[in-house]
Amino acid sequence: MECYGRFVVEKNSLRVTSPEKIKGTHNSAIGNFGIPQYGGTLAGVVVYPKDNRKGCKSFHDYGISFRSKSGALPNFVLIDRGECFFAIKVWNAQQAGASAVLVADDISEALITMDTPEETRSSSKYIENIMIPSALVEKSFGETLKKTIAGGDVVNVNLDWREAVPHPDDRVEYELWTNSNDECGVKCDILMKFVKDFKGAAQILEKGGYTQFTPHYITWYCPQAFTQSMQCKSQCINHGRYCAPDPEQDFSSGYEGRDVVLENLQQLCVFRAAKENKKPWLWWDYVTDFQIRCPMREKRYNKACADDVIRALGVDVQKIERCMGDPNVDSEHPILKEEQDAQVGKGPRGDVTILPTIVVNNHQYRGKLAKVAVMKAICSGFEETTEPSVCLSSDVETNECLENNGGCWQDKAANLTACKLDEAIRLSSSKSDFSPVCLCAIQLVGLEGSEQEDGHGKCECPTGFKGDGVNTCEDIDECKEKKLCHCPECLCKNTWGAYDCTCSGGGLYIRDQDRGACISKTGTEVKASWAAIWVILIGLAMSSGGAYLIYKYRLRSYMDSEIRAIMAQYMPLDGEAEVPNYVSERA
């Protein structure tokens with residue numbers, strides 16, 4: 001029997017923008033850890049360290065830092081392959097301040113995917129905390145970069161993930177290859193946490209019709225010669241056709257692999273039943289509830305507990321049982337057979353062999369299994385201008401300028417930066433080369449500057465910045481240059497292009513034109529404030545009471561005079577002359 005598999009390396013473009021002699025575009029393989037900036041680009045300067053060039057030790061031990069200076073482009077560290085895991089190299093570079101890592105292959109071969117080592121409790125501490133992107137480059141290109149840097153040239157590059165995930169239309173199709181086993185160690189813990197964290201976003205996308213989600217479960221089969229063995233019987237159903245590893249790796253105790261296969265099948269049936277009722281997002285509710293209510297460690301990982309969860313969701317339990325069928329029959333199960341067929345790679349996607357795996361628009365996701373990172377990949381799969389509002393939040397939008405935006409203007413409320421607007425400005429102008437600083441001014445004063453022959457005619461720094469608008473635009477620290485908040489208790493905090501005034505001790509800052517004051521909310525001042533408030537309230541009450549008494553007095557007087565006038569028509573009142581009776585006189 002021959003076995004084979006097809007593994008596809010997910011790539012992104014690496015474009016050298018300078019120097020001119022090595023300018024061009026090259027492929028690089030996305031690392032299977034960290035956070036690739038799906039849907040965005042990242043510009044930086046390539047740095048090749050003089051020591052620790054394989055990155056297997058801490059760069060701090062060599063006194064090396066890759067942190068970029070304020071206003072400078074981020075540093076991309078070039079590291080040689082070999083001697084230690086890829087993830088350790090990237091982690092060490094990140095700890096030293098790198099914004100991205102390029103690993104140069106040490107042999108001439110086709111690009112491969114940099115994967116994580118076997119996850120243990122110790123390795124997970126740094127793997128899960130890798131936040132920067134990384135990519136593997138071919139040996140020949142790596143050598144070119146090293147020679148250019150050694151020759152004294154500054155190498156500027158752009159990493160481009162915009163085409164890493166295709167975006168053909170206004171709907172993204174994605175898959176999660178998962179498992180119901182919750183006792184497989186670190187990977188299971190990461191997977192369970194991701195499902196809980198991602199549930200809300202996934203349901204919003206699905207209910208809005210923006211995505212089509214499908215869960216999948218990997219199954220293996222037992223070779224025909226061993227179907228009657230104890231191992232196959234304990235790990236498989238349908239006479240060895242669909243199997244899962246023993247959760248505890250102990251055939252004599254605990255749960256068996258067949259228990260996992262059966263729960264996987266049940267979760268597939270729940271998804272199909274929910275989809276038929278046009279509520280596919282119920283799968284996320286079932287899976288998260290099952291994790292909480294039916295964990296293996298509490299010996300509740302069983303059908304009875306699962307049925308309780310199903311009933312709570314309003315799904316027909318009998319329908320799920322019919323979908324699952326008899327696990328002891330000697331025949332194919334249509335749903336599990338589809339799952340095994342789906343594992344085989346098709347088109348641009350390779351075989352699925354690792355759990356968990358995410359596939360977006362038939363391209364395998366590479367990177368950290370975390371809510372924001374996966375959302376970036378999904379959102380990059382939408383055709384431009386069709387992405388839902390959840391994709392436009394500041395957490396998901398790719399900030400291509402990183403820390404301080406490379407010195408560029410930033411509108412945090414709108415989540416816009418001058419660097420992001422680079423392409424729009426290029427399209428609306430005949431000029432193709434703008435400095436990042438000039439772009440800041442162009443964003444605020446319009447595109448008039450781009451009409452000048454030199455491309456910088458009207459560039460100036462925005463309010464709150466100082467410099468010539470072409471070479472420099474630095475944020476003014478208003479708090480240091482002049483006193484702005486005007487009171488002893490006031491605290492001044494510098495912000496990007498502006499400043500904020502607050503009060504020490506949690507007081508309330510009140511601005512009155514160009515002056516300011518703090519109203520304390522603690523101690524005797526609070527009591528005095530309340531006393532003043534009570535005085536005002538009592539004064540208002542007394543004034544209202546007095547006004548009411550005057551009003552009543554005047555009303556009473558008016559009514560008395562009216563009554564007296566009416567009564568005088570019929571009888572004399574004390575102290576008044578008798579009114580003549582004209583009727584009797586005429587008689």
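## Salt bridges

A salt bridge here is a side-chain nitrogen of Lys or Arg within 4 Å of a carboxyl oxygen of Asp or Glu. Go through the structure with that rule and you end up with 18 salt bridges. One of them joins the side chains of Arg 81 and Asp 105, with N and O 2.8 Å apart. Arg 81 sits in the loop between β4 (75–80) and α1 (86–95), while Asp 105 sits in the loop between β5 (100–104) and α2 (121–127), so this pair ties together parts that are 24 residues apart in sequence. Asp 105 has a relative accessible area of 4%, so it is buried. That word means under 20% relative accessible area, whereas exposed means over 50% and partly exposed is in between (1.4 Å probe, protein chains only).

Next, look at Glu 173 and Arg 171, whose side chains meet in a salt bridge at 2.9 Å, N to O. Glu 173 is partly exposed at 40%, and Arg 171 is partly exposed at 32%. Then there's Arg 311 with Asp 308, where the closest N and O atoms are 3.3 Å apart. Both of these residues belong to helix α8 (residues 303–312), and they are three residues apart, about one turn of the helix. Asp 308 is partly exposed, with a relative accessible area of 37%. Elsewhere, salt bridges that share partners link Asp 80, Glu 143 and Lys 146 into one network.

## What you're looking at

A quick word on where all this comes from: this is a predicted model, in which local features need pLDDT of at least 70 and side-chain atom pairs count only at pLDDT 80 or more, while totals for chains, interfaces and linings use all residues. Residues are numbered from 1 along each chain as its sequence is written, and side-chain values use heavy atoms, with hydrogens and water left out.

Now zoom out. The protein has 16 helices and 21 strands; these are DSSP runs numbered from the N terminus (helices are H or I, at least four residues; strands are E, at least two). Of its 587 residues, 44% count as buried. The accessible surface comes to about 31,700 Å², and 52% of that belongs to carbon and sulfur atoms (areas by the Shrake-Rupley method with a 1.4 Å probe; for residues, only the protein chains shown count as cover). As for contacts (heavy atoms within 4.5 Å), take those with a separation of 6 or more: residues 24 or more positions apart account for 63% of them.

## Aromatic rings

A pair of aromatic rings is described by the distance of the centres and the angle of the planes. Rings of Phe, Tyr and Trp (its six-membered ring) pair if their centres lie within 6.5 Å; planes under 30 degrees apart are stacked, over 60 edge-to-face, and the rest tilted. How many aromatic pairs does a search of the whole structure find? It finds 12. Tyr 174 and Phe 213 make a tilted one, 5.1 Å centre to centre with 45 degrees between the planes. Tyr 174 lies in strand β8 and Phe 213 in strand β9 (residues 211–217), so the pair ties together parts that are 39 residues apart in sequence. Both Tyr 174 and Phe 213 are buried.

Phe 198 and Trp 284 have ring centres 5.9 Å apart and planes at 55 degrees, so this pair is tilted. Phe 198 is in helix α4 and Trp 284 in helix α7 (residues 282–293), 86 residues apart, so you can see distant parts of the chain being linked. Phe 198 is buried at 1%, and Trp 284 is buried at 2%. These residues belong to one aromatic cluster made of Tyr 174, Phe 194, Phe 198, Phe 213, Phe 271, Trp 283 and Trp 284.

## Two residues in loops

Find Asn 179 in the loop between β8 (172–178) and α4 (186–207). Is Asn 179 buried or exposed? At 18% relative accessibility, Asn 179 counts as buried. Its side chain has a polar atom 3.3 Å from the backbone nitrogen of Asn 181, and a polar contact of 3.4 Å joins it to the side chain of Asn 264. A polar contact is a pair of N or O atoms within 3.5 Å; within protein, one must be able to donate a hydrogen and the other to accept it, and residues adjacent in sequence count only if both atoms are side-chain atoms.

Gln 343 lies in the loop between α10 (334–342) and β12 (357–360). Gln 343 counts as buried at 11%, and its side chain reaches the backbone nitrogen of Thr 219 at 3.0 Å. Not counting residues up to four places away in sequence, Gln 343 touches several others, including Trp 177, Tyr 217 and Arg 349.
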